[in-house]
Each structure stands twice: as C-alpha cells, then as structure tokens.
Amino acid sequence: MALSTALTATFGGFLITLQFTSLAIAYWRMRRGVRRDETQETSEFIALVRPLCGLNAFEEETLRSSFHQDYPGYEIVFCVASRFDPVIPLVEKLMAEYPHQRARLLTGNDKISANPKVNNLNKAWKNTTAGIVAMADSNLLLPPDYLRSLVNTFDAETGMVSSPAIGIRPENIWGAVEAAMLNTHQARWQYLSDFLGNGFAQGKTLCWRREVLDNGGGMVALGSELAEDVASTKLVRRAGLKVRLPAQPFAQPVGHRTLDAVWSRQLRWARIRRAGFFWLFVPEIIMGFLPALAAVTWLTAAGDLPLFAPAALFVLWFGGEWALAKALGWPHQLRDILAMCLRDIMMPALWLGCWAGRGFTWRGHTSGEKSLSGKIKLTGKIKLSGKKQPVPVSQSPGK
C-alpha cells in the first residue's frame with residue numbers, strides 16, 4: 001500500500017471513529033445523567049439573573065419560565081441596559097402576575113468591559129447576596145427543575161455549572177440548520193468534553209459559586225476575553241476547579257432563521273473560539289463529514305474501497321446523528337437531515353471566513369480582539385469554604 005493511501009486511510013479512519021465514538025458517549029452521558037446522593041440536595045438561596053435586550057419571538061414564554069421553578073428559595077433579577085428597552089413592559093407585566101415570587105428589574109449599564117452582556121449583568125452581581133448566581137440568557141426556556149439541576153451538579157471540585165442550549169421548534173430550513181449546529185454538533189462535543197473531565201462553559205447558562213468568581217476578579221474578569229464563557233472557563237481552570245454540566249441540557253426555541261442570521265452567529269462563535277482557544281480551533285477544519293468523505297472517496301477511486309463506500313458513509317454518518325437526536329427528543333424530521341448536511345457544508349467556509357477578521361458585531365455592539373478590562377490573572381487556587389449549607393427561605397433576600 002502506497003504511503004499516501006495509508007495516510008488517507010488512517011486519517012479517514014480516525015475521523016469516522018471519532019464521529020461514532022462521540023455520538024455513543026454523548027448518548028450515554030445524557031441518558032445516564034449524573035449519579036448523585038439525593039440526601040445532599042441543598043436549598044441554598046439562588047439568584048436567577050436574566051440579561052435582557054429587546055424582544056425575541058418567544059420572549060414572554062422564556063421569561064415566564066423563570067417564575068415556575070420548583071425550588072424553595074430564589075429571586076429573579078432581570079437586567080436591562082436601557083430604561084427605554086421595549087422588553088421592560090413585558091417584565092413588569094410578568095412580575096405583576098407573580099406577586100409572591102421575589103423578582104426585581106434593574107436598569108443601567110456599568111461599563112466595566114468591552115462586553116455589553118457583562119456590563120449588563122454587573123448590576124445584578126452587585127445587588128444580590130446569593131451564594132449561587134445562575135445567569136440564564138433570555139431566550140432559554142427553563143424547565144421547572146432548572147435551578148435544582150444546576151445546584152445539585154456542584155461538588156467539591158466544581159467552580160461553575162454550565163450547559164449547552166438545545167434548539168427546538170425550528171420553523172424553516174435555516175432554523176433547522178441552527179438547531180443542527182446547537183444539538184448534534186455543539187452539544188455533543190460539549191458533553192464529550194465533560195465526559196473526558198475537561199468541561200467548558202457555554203454562555204447560555206453560567207451558574208457560579210459566588211466566592212469563585214469574586215476570588216477570580218469578579219465580573220470584570222469575565223470581560224477579559226471576547227466572550228464571557230471563554231473567560232469563565234479559563235478562570236475556573238486557573239482556580240484548580242472544573243466546569244460541570246448537568247444531566248440534561250436546556251431548550252432554546254429557534255423559530256424562523258435566515259441564512260445571514262445563522263452565518264453571522266456561527267461566524268461570531270468561530271471567532272470567539274479562535275481568540276480564546278486557538279490550538280483547539282485550528283484543527284476544526286479537518287473535522288466533519290466533508291474531510292471524511294474526501295478520504296473515503298480517495299480510497300474508493302484507488303480501488304481500496306467498494307464503489308458504494310461514499311454513499312454508505314453518508315447514510316451512517318448522518319443516520320447516527322439523526323438517531324441521537326431521535327433518542328434524546330431533539331428535532332429529527334427528514335428536514336433535519338438536510339439541515340445537518342448544510343451545516344457540514346458551512347463549517348469549512350466558516351473556518352476560512354473566521355480568518356478574515358478578528359472582531360464581530362452583536363446586537364449593535366462591536367467587539368475586538370481585546371476587551372477594555374485587559375487580562376485578569378489569578379495567582380493561586382481558590383479554597384472553597386466547604387460544604388454547602390442550606391439557607392432558610394425566611395433569611396433569603398427579599399424583593
């Protein structure tokens with residue numbers, strides 16, 4: 001066998017093995033969940049913080065889910081940068097509908113970094129005494145056990161709990177592509193990383209032990225990277241702790257999307273990965289179906305594989321992803337298989353497009369390679385205070 005053929009076979013075999021191993025581990029990890037001692041469940045007071053900016057299609061449903069938490073003691077803190085934001089009447093309406101639930105609306109913009117989301121969240125951090133603070137994006141649909149599943153994921157080695165978002169309810173083909181990006185691609189790799197003991201944060205959910213972030217530099221530290229989830233991951237790892245994922249990820253209604261919206265969002269995330277984890281981003285160009293197909297096609301043309309090998313690879317590759325989506329209750333119509341194909345066609349183009357610039361625009365704000373706050377350094381490991389102690393609801397901060 002020629003050296004080139006041997007190298008191609010090795011490369012293709014590696015990609016195919018990685019694909020199906022990651023599918024199997026992601027399925028096992030999410031179906032198995034996380035085994036926990038139920039006697040260790042805590043009622044520690046939690047601040048559920050939701051940063052807001054404008055109105056999305058599912059805004060009332062996702063924000064209403066904040067009030068339906070099956071948890072004994074928590075407060076909701078809604079954060080809006082502008083007091084003229086159109087989301088404010090909706091928030092005030094919801095708070096009026098649930099007068100017995102502690103909830104506050106904070107407005108104002110603390111310019112502590114170049115990250116507008118961090119600036120918006122800072123006022124909530126300063127105005128709550130909760131020992132655990134769960135930051136949940138406004139477009140995340142929170143199940144009733146959202147807070148309980150987050151707090152029960154903490155253990156002695158955990159500095160923060162995070163979770164990917166799972167795209168649900170896509171209303172057109174580009175919405176399905178967005179869901180395919182979130183689900184059988186990003187969520188799968190995030191749970192695989194968690195399984196390997198190297199979990200990383202995703203900005204949809206950032207649930208902090210307050211002492212970890214305070215000792216790591218506070219909210220200013222989250223502005224030290226292009227995105228707060230990259231900064232969070234690095235801060236937790238520098239502290240000698242881990243980012244953990246709960247047993248199940250949480251849903252994000254996708255709705256209608258355009259090609260431009262999907263491209264812009266994925267390009268932004270690619271540039272964030274490039275800036276934050278450069279050497280993990282570089283090999284992304286060889287991942288996915290197209291490089292594997294190229295290897296199999298080469299071997300087929302050389303006569304080392306039967307003529308049906310490329311077609312068989314297509315069926316097995318995307319059939320495996322479809323089976324994972326079906327088993328976990330994620331979108332899995334025939335349209336979603338086409339969406340997976342379009343996603344894998346887009347991925348090399350996104351990787352190449354990522355090198356054309358460093359910054360990105362998000363909700364009218366332009367971010368560059370470095371934030372205003374600079375780099376935050378942590379000089380040593382954080383020593384946690386020990387076992388979590390339940391906080392009686394009567395002692396929790398009021399409305």
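**Cavity lining**

I sorted the lining of the largest cavity by class and found six nonpolar, two polar and one charged residues, where Ala, Val, Leu, Ile, Met, Phe, Trp, Tyr, Cys and Pro count as nonpolar, Asp, Glu, Lys and Arg as charged, and the others, Gly among them, as polar. I note that this is a predicted model, in which local features need pLDDT of at least 70 and side-chain atom pairs count only at pLDDT 80 or more, while totals for chains, interfaces and linings use all residues. Residues are numbered from 1 along each chain as its sequence is written, and side-chain values use heavy atoms, with hydrogens and water left out.

The lining residues I listed are A176, A179, A180, N183, T184, A325, P331, D336 and M340. A cavity here is a set of points, on a 1 Å grid over the protein atoms alone, where a 1.4 Å probe fits but cannot get out, and a lining residue has an atom within 4 Å of a point.

Helices (H or I, at least four residues) and strands (E, at least two) are DSSP runs numbered from the N terminus.

**Surface patch**

I then looked up a nonpolar patch on the surface, formed by Y27, W28, F195 and L196, whose accessible area together is about 430 Å². Patch members have over 30% relative accessible area and no salt bridge, and nonpolar side chains (Val, Leu, Ile, Met, Phe, Trp, Tyr) are joined within 5 Å; the areas come from the Shrake-Rupley method with a 1.4 Å probe, and for residues only the protein chains shown count as cover. Y27 lies in helix 1 (residues 3–32) and, at 35% relative accessibility, counts as partly exposed, a class between buried (under 20% relative accessible area) and exposed (over 50%).

**Salt bridges**

I counted 21 salt bridges, each a side-chain nitrogen of Lys or Arg within 4 Å of a carboxyl oxygen of Asp or Glu.

K93 pairs with E60, with the closest N and O atoms 3.0 Å apart. Because K93 lies in helix 3 (residues 88–97) and E60 in helix 2 (residues 59–64), this pair ties together parts that are 33 residues apart in sequence. K93 is partly exposed at 39%, and E60 is partly exposed at 30%.

D155 pairs with R244 at 3.4 Å between the closest N and O atoms. D155 sits in the loop between helix 5 (146–151) and strand 5 (158–163) and R244 in strand 8 (residues 242–244), so parts 89 residues apart in sequence are tied together.

D344 and R343 form a salt bridge with closest N and O atoms 2.7 Å apart, and both residues are buried.

**Backbone**

Most residues other than glycine have a negative phi. R169 lies in strand 6 (residues 165–170) and is partly exposed, with a relative accessible area of 37%.

Definitions and conventions
On a 1 Å grid over the protein atoms alone, a cavity is a set of points where a 1.4 Å probe fits but cannot get out, and a pocket is an open set with protein on both sides within 12 Å along at least five of seven lines; lining residues have an atom within 4 Å of a point. Patches are made of residues with over 30% relative accessible area and no salt bridge: like charges are joined within 9 Å, nonpolar side chains (Val, Leu, Ile, Met, Phe, Trp, Tyr) within 5 Å. Buried means under 20% relative accessible area, exposed over 50%, partly exposed in between (1.4 Å probe, protein chains only).
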